[in-house]
Amino acid sequence: MQGVGFRPFVYGLATRLGLAGLVGNDERGVFIEVEGGSAPVEQFLAALARDPPPLAVIERISTGPAPVTGRTAFVIAPSATGEGRRALVSPDVATCAACLRDLADPACRRHGYAFTNCTDCGPRFTIVRDVPYDRANTTMAGFRMCADCAREYHDPADRRFHAQPVCCPACGPRLRFAGPGDPEGDPLERAVRLLREGGVLAVKGLGGYHLAALAADEAAVAALRSRKHREDKPFAVMAGDLAAARRLCAIDPAEERLLTGPARPVVLLRRLPDAPVAPSVAPGNRWLGVLLPYTPLHHLLLRALGSPIVLTSGNVSDEPIAYRDDDALERLGGIADAFLIHDRPIHIRTDDSVVRVFRGRDLPIRRSRGYVPHPLPLARAAPRPVLACGAELKHTFCLVKGDRAFVSHHIGDLENYETLRSFVEGVGHFRRLFDVVPEVVAHDLHPEYLSTKWALDQDADLVGVQHHHAHIASCLADNGVAGPVVGVAFDGLGYGTDGTLWGGEFLVADLAGFDRAGHLTPVPMPGGATAIRQPWRMAAAYLDLAYDGDVPEDLDVVRRNAGQWGAVVALARRGGNAPLTSSMGRLFDAAAAVAGVRDAITYEGQAAVEFEQLADPEVDDAYSCGLVGTGSGFAVPGVELVRAVADDLRAGVPREVVAARFHNAVAGIVAAGCERVRDGTGLTTVALSGGVFQNLLLLGRAVTLLEGRGFTVLTHHRVPPNDGGVSLGQAAVAAARDAR
Ligand code: ZN
Ligand code: ZN
Ligand code: FE
């Protein structure tokens, strides 16, 4: 189990039942010895399994007899340094109900105190410098507990018994406000005034700095957008409580559970038509990312303010989020009008997690704060410790020890020195925390990824894992399944075993290996990476093939890009800087551009995101697209879909209908491809992975079709289908190969 208030719980339970003995931690987890009458011992065992503390995750309980010692008291054994290292680091936990009551109670010495926490809540992963998890090894080391806090800390009957970050206004961190107004004024009141007046506030959070503005104030949100150089990508909104969130979005029970749960991710919710948020918060988006307060500071701020705020990561465009005070003041100085800060250092930068709900279950988009470093169980233990270095975008890494996989926090896009450094430092930190010395290092096959280059320098046994195999293995590990399965990996781009760029793949895969059973017919990407930023280039390449070089000039996408159209088509035909790709993401780009969604993007996947929003969910018919080739190795001619999109638009079919027919057609391709593989192999389980399956319309239609045809379908629930989940897949592959 993960140690969160577990030893105090055991102490309380044993003491209530009049049992003697001890509880402690060791390398394997928590150990307990109890002695007393058989009835109370039975009651003890039953209660242990039935009512553990809310945050405890019990993997299993094993029991056996022990010699009678004649003890008369129950004690908590001190944790031995060097042992039990791994069991003790928990994710950060949202403020609990009891601490919220303290916060609101004028008679409590923590009334209004922004750093209130207890055994059941508060900072953990973000403040841990080293193991064992004791105060001296956290960023709270510099704060000396006052007598009152020390008494609570040492009292086994107290809610704050052994709560490492315990503190109060007399001894703990303090808020500070840097900005306009009376320097003697209350920091929180000054921050509230600034926000009310339309200012942009930088707030130091749990895992980094955020930038905040009143969500209903268009001028404030637009200012934040332009200063941050974030043109279109939606902002998340923090609402004060569930009732306030319900004024913004429709919330079903599964979404409510996520929103109010201890991890407090950003949950993508269906926005209400009259939601009181400024247009610039999430331009043209039917979905809104909403989160509830997860620190006392958030609660105090939102309560005083009385209205929702935009809360976005404290950075400029795609840089990593700022978390060190001096760095934040420097980098965010040009964006924020003021700073609300404090003196508890953040040890490790951890972004907010983002989750969607699919059919009542979590579909993670980004797994970070609140989830990391909780280990994911592997179906089979790895013979030797593994480090998986991940991919490039939405980067994470993963360490495996035995049957546990520790997937890292979100590192960011591994495209520059700063993110590379935070990857390397993160690896060092995880190695210490979990006492792992990797003997096997897994990496992507892409020779240009910084993660690959770093991996190749390591002194360990190297295992190269094909990108889409890693996606499918990630989905298998996510579901505790070993395969073989039919794997459908649809994403932006990944390096193939033939040196071309893949991304619309049907694999027959288990954890150790795969065969490429089918794929999207490769199409040139005119201009290489430029074609990713300018989806109209993919439209040009696809249309040129779809109409055999004779593209109708009355198509809007041709008119809009007339100036460069000829040159780009020539580039596509000539090759050179037009690498071939079987990417489904690029097919979405092409169709979206033809349908007039957009010609250029400002964030990854934007055209596909907006195409999903455009689609009319009431439309059930689809374009047809046959599979080409027989036996092993079929191809899916995506050009047929682009041709159908263009023909429909020329015939005056509404864009909403066109977008829906396209989505339905891709779902149909998934089902047809899987049936083809089933015919040849007899496999009846399908794993869906890759960033394209963040698209809920597509995912829903594909799963419905597959289940209707008798398939068992695996989707992601614990790690993202996008490249944030690739490191887990690489680790699972490396472990499986090492076990052979
Ligand atoms: Zn608490
Ligand atoms: Zn104190
Ligand atoms: Fe990918």
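## Basis

The model is predicted, so local features need pLDDT of at least 70 and side-chain atom pairs count only at pLDDT 80 or more, while totals for chains, interfaces and linings use all residues. Residues are numbered from 1 along each chain as its sequence is written, and side-chain values use heavy atoms, with hydrogens and water left out.

## Domains 2 and 3

The protein is divided into domain 1 (1-168), domain 2 (175-354) and domain 3 (518-714), with bounds from an automatic or database domain assignment. The centres of domain 2 and domain 3, taken over C-alpha atoms, are 36 Å apart.

Eight residues of domain 2 are in contact with nine residues of domain 3, contact meaning heavy atoms within 4.5 Å. About 690 Å² is buried between the two domains, and carbon and sulfur atoms give 45% of this area. Buried area is the accessible area (1.4 Å probe) that two parts lose on being put together, summed over both. On the domain 2 side, the residues touching domain 3 are two nonpolar, two polar and four charged. Nonpolar here means Ala, Val, Leu, Ile, Met, Phe, Trp, Tyr, Cys and Pro; charged means Asp, Glu, Lys and Arg; the others, Gly among them, are polar.

## Thr-126

Thr-126 is found in the loop between helix H3 (97-104) and helix H4 (147-154); helices are DSSP runs (H or I, at least four residues), numbered from the N terminus. Thr-126 counts as buried because its relative accessibility is 0%. Buried means under 20% relative accessible area, exposed over 50%, and partly exposed in between (1.4 Å probe, protein chains only).

The side chain of Thr-126 makes a polar contact with that of Asp-92 at 2.7 Å. A polar contact is a pair of N or O atoms within 3.5 Å; within protein, one must be able to donate a hydrogen and the other to accept it, and residues adjacent in sequence count only if both atoms are side-chain atoms.

## Salt bridges

The structure holds 37 salt bridges, each a side-chain nitrogen of Lys or Arg within 4 Å of a carboxyl oxygen of Asp or Glu. Glu-319, Asp-327, Arg-331 and Glu-418 are linked in a network of them.

Asp-589 and Arg-586 meet in a salt bridge at 3.0 Å, N to O. Asp-589 is buried at 5%, and Arg-586 is buried at 8%. In helix H11 (residues 417-434), Glu-425 and Arg-421 are four residues apart, so about one helical turn separates them. Their side chains form a salt bridge of 3.8 Å, N to O.

Conventions
Chains are lettered from A and ligands numbered from 1 in the order in which they are written. Helices (H or I, at least four residues) and strands (E, at least two) are DSSP runs, numbered from the N terminus.
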